[in-house]
Amino acid sequence: MLDISFIRDNQALVETSMLNKGEKEVGIVADVLNKDEEWRTLVHKVDTLRSESNKAAKEIGALMAGGKKEEAQKIIEQTSQAKEQIKDIEETLKTVANQRTQLLLRIPNVAHPSVPVGATEEDNQVYGTWGAPSQDQWRKAHWELLERHGWIDFERGVKVTGAGFPFYIGPLAQLQRALISFFINEANNAGYTEIQAPFFINEDSARGTGQIPDKEDMMYVIPRDGFFAIPTAEVPVTNFHRDEIILEDQLPIQYVCHTPCWRREAGSYGKDVRGLNRLHQFDKVELVHFVKPEDSYDCLERLREHVEQLLQKLDLPYRTLLMCTGDMGFTQSKKYDIEVWSPGQERWLEVSSCSNFEAFQARRMQLRYRKAEKETEILHTLNGSGLALPRVLAALLEAYQTENGRIRVPEVLKPYLNREYL
């Protein structure tokens, strides 16, 4: 959520940023400013009435002391009416403040000046590349390899749950477990604190990180209990410190968390969603940062470098994209997507997004830090996938396959699997 004073001082910037992000209801900016003006007018009225009431109280005391009870009684009646008026205005203030908040929640974050303006993925910029993508024509797509070895069962997944909920079997399940351990150990070595989070969240948590109002249709709902199944560990981990004041010397805080994730993702057909390319349930290792505002963009670059190093150690060619305004999302101020090369499909697959939200999420969650001079300030939050598992698995299977169909184990994963081949 943006600060109302920032919107007041930068209305044109906020409206332009909304348009650049593909948000067409820019009139909401004027609406929230009008509601804020109404709120401030009411606050001024209450303050004036209170001031007059305090002044009257002193007059009553002086009149009573001077024996002028009748005059004092008239003022008492007037102040009694003023108190009722104050009470009524305060109730209206609560309503107006809530209306203003609901409008604020619908305004997206402002993009950082370094973010390219664009409407589609075609406008994203290639920030960097690593490795040489394989062009071997004999390489099979991962779904052919999985079917050949019997390592995944989509049909039983449909029977038990539905489409997009497969069973991983034998070596595929073991490979995923090895990757999870590798990713978490690398994060621990980089100073992250490991955390295990709930798999379900309440509405306040979803609102705190910006899933609502924005992505309600993408989340699975448990209506009886009012819970959502997490779309990413970002949500419970970022809300871990919601409504708290963190001491300055505790920052930066960085957590690593592995969870399953659930998303009602609708997408295109064919190879874009075939095999492991797009699932409704998948595993992911998430990296979450809480930092001082002046440190957040340096932190974003370190986060990106950490994720890139994971792919380098797996020896998987990748490219890093700086996302344009229209392909960035509601909550982010700046975002990198990291895509791994899929040699069996001959295309790039997104495996991580690294995002800076600045104060957008923290303001929603009332998450602050106390500075040395005892003042409090909204801190900044960041997160990144380190990494999402399904497409990493797909790229590994395709990159490490041999011509006879066996799958070699990457060097960094051999300590976790204790074998040369799956």
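**View 1. Serine 134 lies in the loop between β1 (125–130) and α5 (142–149).** Helices (H or I, at least four residues) and strands (E, at least two) are DSSP runs, numbered from the N terminus. This is a predicted model, in which local features need pLDDT of at least 70 and side-chain atom pairs count only at pLDDT 80 or more, while totals for chains, interfaces and linings use all residues. Residues are numbered from 1 along each chain as its sequence is written, and side-chain values use heavy atoms, with hydrogens and water left out. Apart from neighbours within four places in sequence, serine 134 is in contact (heavy atoms within 4.5 Å) with Arg139, Trp341 and Pro343.

**View 2. Threonine 320 is part of strand β11 (residues 318–322).** Threonine 320 counts as buried because its relative accessibility is 0%. Its side chain makes a polar contact of 2.7 Å with the side chain of glutamate 308, and its contacts beyond four places in sequence include Gln125, Val126, Tyr127, Arg304 and Tyr336.

**View 3. Helix α7 (residues 171–189) packs against helix α10 (residues 296–313).** The angle is about 130° and the axes are 11 Å apart, where axes are lines fitted to C-alpha atoms, for helices over the stretch in contact, and angles run from 0 to 180 degrees between N-to-C directions. That angle makes α7 oblique to α10, since angles under 35 degrees count as roughly parallel, over 145 as roughly antiparallel, 65 to 115 as roughly perpendicular and the rest as oblique. Phe182, Phe183, Glu186 and Ala187 in α7 meet His306, Leu310 and Lys313 in α10.

**View 4. Isoleucine 4 is placed in helix α1 (residues 4–9).** Isoleucine 4 is buried, its relative accessible area being 13%, and, residues up to four places away in sequence not being counted, it touches Val32, Leu33, Asp36 and Leu104. Between isoleucine 4 and glutamate 84, which are 80 residues apart in sequence, the C-alpha to C-alpha separation is 30 Å.

**View 5. Helix α12 (residues 389–399) is mostly covered.** Eleven of its eleven residues are buried, among them Pro390, Arg391 and Glu398.

Key: Buried < 20%, exposed > 50% of the residue type's maximum accessible area, 1.4 Å probe, protein only. Polar contact = N/O pair within 3.5 Å; in protein donor to acceptor, adjacent residues only side chain to side chain.
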